[in-house]
Amino acid sequence: WIKFMNIWELDDAGERISIIVPVYNEEAYLEECIQSLLDQSYKNIEVILIDDGSTDCSARICQSFCEQDIRVKSYFQKNSGQNAARKKGISKATGNWVLFVDADDFVACDYCLHLVEAQQSSGADIVMGKSQKYLDGKFGAVSGSLVGLYSGYEAVRHFIDRDFFSFDMPSGMLPILFKKTVIGDALHAIDLRIT
């Protein structure tokens, strides 16, 4: 089946969020991941799938979603790792805001909306949320997160403090909403020879 999107469905009042999904042999989880992104209550999104040299049916799944929804774009690269996939995703992103979602994750339907509301009320360039483990059909522990608004010296101090890990920062790139210019500059500086 093919789902045609009307242009008015994409015309949210807010700024576009580019959701980048590095994909490597995730056929078991990929459909659920992508569908959870398309089901967002915040509609002004694009989903950028970066197939990092998958050898399973992931490429076919990515293409199928591209045919169903104009907000989905898929790109292939030879296997180069997650950071290379994220860099490529940033280069293809048209939104001013970026989210990274792993291909074996799924998100709640108000995921983007809550992050956007937090950004709008704070004016922050980076907004961190919480995640919850889900395994074998059961929800597990909820991650912690820094609470509050940090800027300038105070923000840097939290990142270099000897007790950095006691702040319970989310691991990886989820769930964090980044201003595209901020994360783009940071990813640009990563040496891809380091895995």
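Colleague: Which residues of helix α1 (residues 30-38) are buried?

Modeller: Leu30, Cys33, Ile34, Ser36, Leu37 and Leu38 are the buried ones in α1. This is a predicted model, where local features need pLDDT of at least 70 and side-chain atom pairs pLDDT 80 or more, while totals for chains, interfaces and linings use all residues. Residues are numbered from 1 along each chain as its sequence is written, and side-chain values use heavy atoms, leaving out hydrogens and water.

Colleague: Why is Ser36 called buried?

Modeller: Ser36 has a relative accessible area of 9%.

Colleague: How many helices and strands does the protein chain have?

Modeller: Six helices and eight strands. Those are DSSP runs numbered from the N terminus: H or I of at least four residues for helices, E of at least two for strands.

Colleague: What makes up the largest nonpolar core?

Modeller: That core has 29 residues, and Ile17, Ile19, Val21, Leu37, Val47, Leu99 and Cys112 have the most contacts inside it. Helix α1 gives the most to this core, with five residues. To be in a nonpolar core, a residue must be a buried Ala, Val, Leu, Ile, Met, Phe, Trp, Tyr or Cys, joined to others through side-chain atoms within 4.5 Å. Cys112 touches Ile17, Ile19, Gln40, Tyr42, Ile45 and Leu99, not counting residues up to four places away in sequence.

Colleague: What makes Asp125 and Lys179 a salt bridge?

Modeller: The rule asks for a side-chain nitrogen of Lys or Arg within 4 Å of a carboxyl oxygen of Asp or Glu. For Asp125 and Lys179, the closest N and O atoms are 4.0 Å apart, so the pair passes. Asp125 lies in the loop between α4 and β5 (126-128) and Lys179 in strand β8 (residues 176-179), so the pair ties together parts that are 54 residues apart in sequence.

Colleague: How do you know that Asp125 is partly exposed, and what about Lys179?

Modeller: Asp125 has a relative accessible area of 36%, so it is partly exposed. Lys179 counts as partly exposed too, because its relative accessibility is 34%.

Colleague: How many salt bridges does a search of the whole structure find?

Modeller: Four. One of them joins the side chains of Arg71 and Asp69 at 2.9 Å, N to O, and both of these residues are buried. Another joins Asp102 and Arg86 at 3.7 Å, N to O.

Colleague: Are Asp102 and Arg86 buried or partly exposed?

Modeller: Asp102 is partly exposed, because its relative accessible area is 26%. Arg86 is at 8%, so it is buried.

Terms used. Buried means under 20% relative accessible area, exposed over 50%, partly exposed in between (1.4 Å probe, protein chains only). Contact means heavy atoms within 4.5 Å.
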